[in-house]
Amino acid sequence: MDRKRLLAEAAKARENSYCPHSGFAVGAALLCKDGEIFRGCNVENASYGVTNCAERTALFSAVANGRKRGDFAAIAVVGGPKDGELAASPPCGVCRQALSEFVDSETFVVLWATGADSYEEHTLAELLPYGFSL
Ligand code: THU
């Protein structure tokens, strides 16, 4: 897996962020096991709770385009103030749970940029121990 490329895809996705309310722009790139990448960005709303995070935008786009449970290998996330330096933005709890529905948490890799040329990496299981499943 080319981690730098996946982070670059997330940075491209971030360019489309709609974040007039928080000013915090986030992009995500979800990698399928066959190499296809789905991008997502945060999409905010004046009714704040309606906002969709970048990670779920990418996940829902993939599923809407026919991707299935088990198809995914990794996600990269890049975030920070819209016109400022990148800030570490690990996926929120809701996005962790949303991802857990579709991946093997023990092997699925989550990356987030911690600066222009650095990142942190964990499995989803490390980020969401005891996640709920049916
Ligand atoms: N946000 C994401 O896109 N992903 C996360 O995992 C956490 C937060 C977005 C939501 C909102 O538009 C902005 O960041 C500030 O919370």
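A residue is called buried when its relative accessible area is under 20%, exposed when that value is over 50%, and partly exposed in between. Keep in mind as you click that this is a predicted model. Eight salt bridges are found in it, and we will visit some of them.

**First stop: R39 and E9.** Select these two side chains, which meet in a salt bridge with N and O 2.8 Å apart. R39 sits in strand 2 (residues 37–41) and E9 in helix 1, so the pair links parts of the chain that are 30 residues apart. Is E9 buried or exposed? With a relative accessibility of 14%, E9 counts as buried because that value is under 20%. R39, at 39%, is partly exposed.

**Second stop: D117 and K4.** Stay with helix 1 (residues 3–14) and pick K4. Its salt-bridge partner is D117, with 3.9 Å between the closest N and O atoms. D117 lies in the loop between strand 4 (109–115) and strand 5 (118–123), and the two residues are 113 residues apart. Color by accessibility here: D117 is exposed at 64%, whereas K4 is partly exposed at 46%.

Now select K12 and E15, another salt bridge, whose closest N and O atoms are 3.5 Å apart. K12 is partly exposed, with 41% relative accessibility, while E15 is exposed at 54%.

**Last stop: a network.** Finally, select D34, E36, R67 and D71 together. Salt bridges with shared partners join these four residues into one network.

Technical notes
Residues numbered from 1 in each chain as written. Predicted model: local features only at pLDDT ≥ 70, side-chain atom pairs only at ≥ 80, totals over all residues. Heavy atoms only, no water. Helix = DSSP H or I, 4+ residues; strand = E, 2+ residues; numbered from the N terminus. Buried < 20%, exposed > 50% of the residue type's maximum accessible area, 1.4 Å probe, protein only.
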